[in-house]
Amino acid sequence: MKCVHAVGVMAIFISVSGLFVTAAEREEESIKAEIKIDNFAFMPTELTVKAGTTVEWVNRDDIPHVVVSDDKKTFKSKALDTDDKFSYTFTTPGTYSYFCSVHPKMTGRVVVH
Amino acid sequence: MKAHSKAGLIYDHNHDGVDRRGFLKCMAWAGTGALCVMKAGVLRSASLSGISGATAGTAGELRFVQISDSHMGFNKPANQDVVGTLKAAVEKINALPQAPEFLLHTGDISHLSRPEEFEAVEQILKSCVAKEVFYVPGEHDVINDDGAQFLERFGKGSHGAGWRSFDKNGVHFIGLVNVMNLKAGGLGSLGTEQLEWLEGDVKGLGASTPIVVFAHIPLWNVYPQWGWGTEDSAQALGYLKRFGSVTVLNGHIHQTMQKIEGQVTFHTAASTAFPQPPPGQAQGPGPMTVPAEQLRQLLGITDVNYLRGRQALAIVDSKLG
């Protein structure tokens, strides 16, 4: 009885950890590029990625920023306070210029091919 | 005739008219109650005690106070008690020898445009001796909703995104909004609709009417690299060229600065929340953390006094500590 029970527990443990591994793998696959926001700048200012990449902006500055594409339509984050993140998946090749709508002197570009 | 001599500018490394060494020296004095004035590109400082505060009860006198950049909701190291420092500002106002008639808040009332942030500021200002407050928005007040909340709370009597004018004791006040529809790589912006309104608003006024303009982002190019300027302010100032006394009160840069150009006096107020570095003195224009005991010396209010017959308004900055 004890043996079966232990095996049962092991089986559950393995399958659950298997789930975790899969989820982690999935996460790694979709978020392929990061842009860090700090000191009123996007780093890197210009990022080149493959079509299908999800780009994640992370605000490490001590002031909120809002990531908006130049045309104000393609992508638009809500206000990102310190440590907040915003993701956008670039499916179509092209050059996407964007800026911080609260501090418009902050500009950046994602080049997708 | 206007003289714009650059004589006296020694450390103008960026050739932008800012004498950096002189500026830094002046900023250091500002903590001890001096006023830094830039006249035709040259910095001068004057002790606050030397500036006429006017005698009480003078006929035609008008007193009001400008506060700015309360950033309600901010809680980072530069100041983890913006409620406390705003309350200290109100205490300072209430302790003035002569009560101001009203307040001007030149924007960044909230930090993240949250309803509870706007509410908190309104509540704190209720204990101010001056009951009437006129607000213009900062860029932190119009995040995510194009200023809808700002207008709902503070837009009564205003036009468009919240611009307005009103008269007090013969002085014409104009509140402008230069934080809407900002474009990538750009500065503050007034926009065609507002400029057209402004042109019509001042058209019928006599040239001897004193004008006070208040807006969030400076209407002169303090430091464009950090967004400290307004793209189309020249057009606005053009409509005011014929007036004998124009005072422009701004915020946004979280430090006091003054420039006089002919009959126009430009002045920026300190924040009640946190200081920012002088132009070009840091990587970016973000919150500047200073030792706790120094914080209140870099925050403040601005007391403005108008005496009928005097061309320039007396502007006195007071630190919170």
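Biologist: What share of the 321 residues of chain B counts as buried?

Modeller: Of those 321 residues, 45% count as buried. A residue is buried if 20 or more other C-beta atoms lie within 10 Å of its own, exposed if 12 or fewer, and partly exposed in between, with C-beta atoms placed from the backbone. This is a predicted model, in which local features need pLDDT of at least 70, side-chain atom pairs count only at pLDDT 80 or more, and totals for chains, interfaces and linings use all residues. Residues are numbered from 1 along each chain as its sequence is written, while chains are lettered from A and ligands numbered from 1 in the order in which they are written.

Biologist: How many helices and strands does chain B have?

Modeller: Chain B has seven helices and 13 strands. Helices (H or I, at least four residues) and strands (E, at least two) are DSSP runs, numbered from the N terminus.

Biologist: Which residues of α3(B) are buried?

Modeller: They are Glu117(B), Phe118(B), Val121(B) and Leu125(B). These cover an arc of only 100 degrees around the axis, which puts them on the same side of α3(B). On the other side of α3(B), Pro115(B), Glu116(B) and Gln123(B) are exposed. The buried residues of α3(B) are covered by elements including α2, β4 (102-105), β5 (132-135) and α4 (148-154) of chain B.

Biologist: And how do I read a strand such as β12(B)?

Modeller: In a regular strand the side chains alternate between the two faces of the sheet. Both faces of β12(B) are covered: Gly300(B), Thr302(B), Val304(B) and Tyr306(B) are buried on one side, and Ile301(B), Asp303(B) and Asn305(B) on the other. Seven of the seven residues of β12(B) are buried, so this strand is largely enclosed by the rest of the structure.

Biologist: Which strands pair with β12(B)?

Modeller: Strands of a sheet pair through backbone hydrogen bonds, either parallel or antiparallel. Two strands count as paired if DSSP finds at least two bridges between them. β3(B) pairs with β12(B) in the antiparallel sense over five bridges, and Phe64(B) has Val304(B) as its bridge partner. Six bridges join β12(B) to β13(B), also antiparallel, with Asp303(B) opposite Val316(B).

Biologist: What is the strand order of the open sheet of four strands in chain A?

Modeller: The order is β3-β8-β7-β5 (chain A), with mixed pairing. β3 (46-49) and β5 (67-69) of chain A stand at the edges, each with a single partner strand, so one side of each is left without a neighbour in the sheet. β3(A) runs parallel to β8 (residues 107-112) of chain A, joined by four bridges, and Thr48(A) has Val111(A) as its bridge partner.

Conventions:
Arc of directions from axis to C-beta. Contact = placed C-beta atoms within 7 Å.
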